[in-house]
Amino acid sequence: MQEIGWIGIIIGLLGIFIGIILFLINNVLRSLDTLKDDIKLLRQNVDRICEGPILFSPNLFLTALAREAKFWGKLSIQRADKVLIASTIASEYIQEKDTIIVNSGTTVDQIPHLLHKKHLTVYTNNLLAAISVVPPVEGFNCFLLSGKIDPIYGATYDIDNLETSLRPIQANQIILAAAAISFEEGPMVSVLDTSNRLFKRELVRKALLDSWNPRLIIAADWTKFKEDIGVGAAKKSNAVLEIEDWRAVKATNRFVFVLTNPPDFLQTPDVIRAREEIKAFCINMEKGGMKVKIC
């Protein structure tokens, strides 16, 4: 009788074990079916991508934001100053039916968005600026300039064809964001940012030489003022313009420099230098040179 009892227990345990195995096998089969469905859906999406454009997914955009946090982080630096500068340019200098060129940079990326209800035309190499006007309204035309996308600065550059691509644009306004600037050297960019330097240089030459006499608008918040660009191994920035061209820009009173002042309570060396630089630009304006607009 005792042996029969043990046999019953063993059979019971085997039944439980077999039940567990069947349960696991069933779940695995379900997982395999789900995996097959996922693979099928993935294959369909790949086929659709190969065939042509597909609807943009917000999730992909959020993924890009997270992955490129270093690039997107520039948006938050001095953002209040940048929005104030962009708003001032959009409201005080751009008119209906204008044709404008907006350079790359987070100081001016909001200008097309602020103007998108006006009847005008925008040409830009600024990816953020182009995205900001999607979907465009009737009467507002925005063109993203062709070229290779810069992996650091979020801009398009066709360096081999700069002059020929910009020459046909009959612009009234050319808006240039300065990564750094000084009264003596003019706009500057990082020594690593050759494409941006060449593009900015061509924009300024267009403003100086184009028969349409476009107004050049330079935008920079107060943190962008630099005493010098350094020399030798310490050199961090390159001047955008040759010194003769920069002198011509400073002497042209149809051009405008739109900027912000540092807060009154700050007295750091950088702030003191910025105030000295701003004063130099204002004195130049009083002598009939480039106008200064302090937001």
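Leu-216 touches Ile-174, Leu-176, Val-204, Ala-207, Val-249, Phe-255 and Val-256, leaving aside residues up to four places away in sequence, where contact means heavy atoms within 4.5 Å. This is a predicted model, in which local features need pLDDT of at least 70 and side-chain atom pairs count only at pLDDT 80 or more, while totals for chains, interfaces and linings use all residues. Residues are numbered from 1 along each chain as its sequence is written, and side-chain values use heavy atoms, with hydrogens and water left out.

Leu-216 is among the residues with the most contacts inside the largest nonpolar core, which has 37 residues; such a core is a set of buried (under 20% relative accessible area, 1.4 Å probe, protein chains only) Ala, Val, Leu, Ile, Met, Phe, Trp, Tyr and Cys residues joined through side-chain atoms within 4.5 Å. Helix H10 gives the most to this core, with five residues (helices are DSSP runs of H or I with at least four residues, strands runs of E with at least two, numbered from the N terminus).

An open sheet of seven strands, paired in parallel, has the order S3-S2-S1-S6-S9-S11-S12, pairing requiring that DSSP finds at least two bridges between two strands. Its edge strands are S3 (140-144) and S12, each pairing on one side only.

Strands S11 (residues 256-259) and S12 (residues 291-294) pair in the parallel sense over four bridges, and Phe-257 stands opposite Val-292 in S12. Phe-257 is also listed among the residues with the most contacts inside the largest core.

Conventions
Buried means under 20% relative accessible area, exposed over 50%, partly exposed in between (1.4 Å probe, protein chains only).
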